[in-house]
Amino acid sequence: MEEIVFLHTNDLHSHLENWPKIRRFINQTKCKNETKENTTTITVDLGDFVDRWHPLSEATAGQANVELMNTVGYDAVTIGNNEGVGNSKEELNHLYDHANFDVLLDNLFDKQTLQPPKWAKRFKIIETAQHTKIGLIAFTAPFPLTYSPNGWDVRSPYDILPQLVEELRPKVNVLVLMSHLGIQDDSQIAQDLPAIDVILGSHTHHLFIDGKTINKVQLAAAGKYGQYVGEVHLTLDENKKIIKKSAKTIATEAMTAFSEDEQEIKGYLDQGHQCLSEKKVANLPFPLSLDIFNNHSFIHEALEAVKYKGQTKAAMLNSGLFLTGLAAGIVNQDHLHTALPHPMHLLNVSLKGRDLIRLVLEIEKNRGFLRNYPIKGMGFRGKVFGQVVYRGISYDAVNHQVYWLNQPIDNERYYLFTTVDHFMFIPFFPTIEIVGENEFLFPEFIRSVVGEYLKAHYPIK
């Protein structure tokens with residue numbers, strides 16, 4: 001008999017408060033398994049380890065996260081959308097320069113050359129001491145709307161995976177898919193491709209406490225934020241056939257905490273804040289308030305920044321994006337990151353007049369509901385959505401009329417405005433996605449756009 005153990009992490013999203021326990025658990029489990037006869041441990045991460053809401057991830061463009069990953073010696077990792085579109089193409093091309101593990105990825109290609117990135121491998125075959133061959137392949141969630149303007153060609157797994165499985169299956173005894181595709185795709189792949197033995201899942205933050213089996217394929221998933229570590233066991237007979245599969249998750253909360261953990265976790269934050277605070281941006285003559293009705297409201301300054309970057313005459317943002325105001329005086333990158341931690345890009349939207357009116361009516365219909373609506377994901381790192389504030393667009397609530405630069409709107413004319421890509425991904429304003437001609441503006445996040453505007457208008461002398 002031979003035992004193969006997979007330890008898998010996913011969707012940590014830079015929640016480094018769980019990292020000391022995870023690192024200790026993985027390293028101790030690997031050491032313990034090394035003492036067992038005929039047992040091989042393989043450790044993988046399934047993507048979204050990097051999330052630039054954390055100041056250390058922001059300050060180092062994710063390089064600090066990779067240094068942490070090096071401490072557990074992953075056998076292989078893949079990327080999630082936070083690595084893929086949360087970094088510029090240049091940053092992603094150098095994210096893994098100092099990694100001591102292999103990065104596997106099968107559905108991402110350079111948009112210009114149509115070649116896979118140099119930092120990624122198509123697959124990895126690990127041979128155990130018993131000469132069992134384990135094949136690892138990996139796919140990430142395909143979001144062409146955001147990957148394409150960032151210089152990447154991301155493709156559907158269904159266009160690549162069947163042929164890859166056909167190619168690799170005869171070469172290995174065990175075939176494992178490292179998936180950052182989500183629960184629905186994982187389930188469909190298990191149904192369609194039972195030649196895959198194990199699917200280690202992520203992206204949709206689903207949790208299989210004791211695994212799940214579909215069409216004899218073992219599925220595993222360990223939730224989000226490092227709240228769990230996943231563990232899959234395969235037992236093989238002397239003919240290298242799998243005779244037993246099982247999966248489970250171990251709650252990080254139940255793992256032993258050391259007294260020095262808190263200091264380590266705080267150290268990551270302090271180091272990130274320190275690095276960012278050293279990068280000075282502007283010198284404000286007055287504070288920028290979170291009050292949207294204040295003469296010096298932060299959101300109004302940001303709307304001007306967004307308009308300028310998008311080269312448009314109008315913009316709209318939601319007040320929930322702004323987590324803190326800015327004090328008068330020197331503004332640094334740490335202030336901006338704390339106020340706007342979201343990995344959001346700008347979006348230029350072109351709509352016919354009649355559709356712009358419809359969009360504004362959608363916003364006004366949802367205004368009261370969204371004011372205190374808690375929302376997570378899709379790039380949002382705040383608490384509540386808040387109120388939509390316009391610049392260049394106005395709404396007469398008494399007569400239900402929409403105006404562009406204080407003029408009536410022509411139903412047939414096209415109007416161009418700038419907002420954040422979040423407005424396209426949330427379900428409340430469908431007009432943008434359904435009929436908008438949309439252009440994503442890469443690579444800057446909204447905080448960088450605001451920072452450049454403040455730097456130009458309130459320079460440090």
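The largest nonpolar core of this predicted model has 96 residues, and those with the most contacts inside it are Tyr-96, Trp-119, Leu-317, Phe-429 and Leu-454. A nonpolar core is here a set of buried Ala, Val, Leu, Ile, Met, Phe, Trp, Tyr and Cys residues joined through side-chain atoms within 4.5 Å. Buried stands for under 20% relative accessible area, exposed for over 50%, and partly exposed for the range in between, with a 1.4 Å probe and protein chains only. Helix α10 (residues 298-310) supplies the largest share of this core, six residues. At least three residues of the core come from each of domain 1 (2-271) and domain 2 (280-457). A second, separate core of 22 residues includes Phe-139, Val-172, Ile-199 and Phe-208.

Residues are numbered from 1 along each chain as its sequence is written. Because the model is predicted, local features need pLDDT of at least 70 and side-chain atom pairs count only at pLDDT 80 or more, whereas totals for chains, interfaces and linings use all residues; side-chain values use heavy atoms, with hydrogens and water left out.

**Domains**

The protein chain is divided into domain 1 (2-271) and domain 2 (280-457), with bounds that come from an automatic or database domain assignment. The centres of the two domains, taken over C-alpha atoms, are separated by 35 Å. Domain 1 gives 15 residues to the contact and domain 2 gives 12 residues, where contact means heavy atoms within 4.5 Å. For residues 5-206, UniProt lists "domain: Calcineurin-like phosphoesterase" in an unreviewed entry; such positions are given in the numbering used here, feature names are shortened, and annotations may be inferred rather than shown by experiment. Over residues 5-206 the chain is 31% helix and 22% strand, and the end C-alpha atoms are 21 Å apart. Helices (H or I, at least four residues) and strands (E, at least two) are DSSP runs, numbered from the N terminus.

In strand β9 (residues 174-180), seven of its seven residues are buried. On one side these are Val-174, Val-176, Met-178 and His-180, and on the other Leu-175, Leu-177 and Ser-179. In a regular strand the side chains alternate between the two faces of the sheet. β9 pairs with strand β7 (residues 133-140) and with strand β10 (residues 198-201); two strands count as paired if DSSP finds at least two bridges between them. Together with helix α8 (residues 183-192), β9 and β10 make a right-handed β-α-β unit: with the strands pointing away from the viewer, the path from the first strand over the helix to the second runs clockwise.

A further open sheet has three strands in the order β20-β21-β22, with antiparallel pairing. β20 (393-396) and β22 (407-408) are its edge strands, each pairing on one side only. In β22, Gln-407 is the bridge partner of Trp-404.

| Strand pair | Sense | Bridges |
|---|---|---|
| β7 and β9 | parallel | seven bridges |
| β9 and β10 | parallel | three bridges |
| β21 and β22 | antiparallel | two bridges |

**Individual residues**

Tyr-96 touches Val-66, Val-77, Ile-79, Glu-83, Phe-101, Val-103 and Trp-119, not counting residues up to four places away in sequence. His-98 lies in the loop between α5 (89-95) and β4 (102-103) and counts as exposed because its relative accessibility is 63%. Leaving aside neighbours within four places in sequence, His-98 is in contact with Gln-63 and Asn-70.

His-422, in helix α13 (residues 422-425), counts as buried because its relative accessibility is 0%. Not counting residues up to four places away in sequence, His-422 touches Met-344, Ile-375, Gly-377, Met-378, Phe-380 and Phe-385. Met-378 lies in the loop between α12 (353-370) and β19 (388-391), and counts as partly exposed at 40% relative accessibility.

**Backbone geometry**

Most residues other than glycine have a negative phi, and most peptide bonds are trans. Met-378 has a positive phi of about 55°, and phi of Asn-38 is near 60°. Asn-38 is found in the loop between α1 (19-34) and β2 (39-45) and is partly exposed, with a relative accessible area of 27%. The peptide bond from Phe-442 to Pro-443 is cis, with omega near 5°; Pro-443 is found in strand β24 (residues 437-445).
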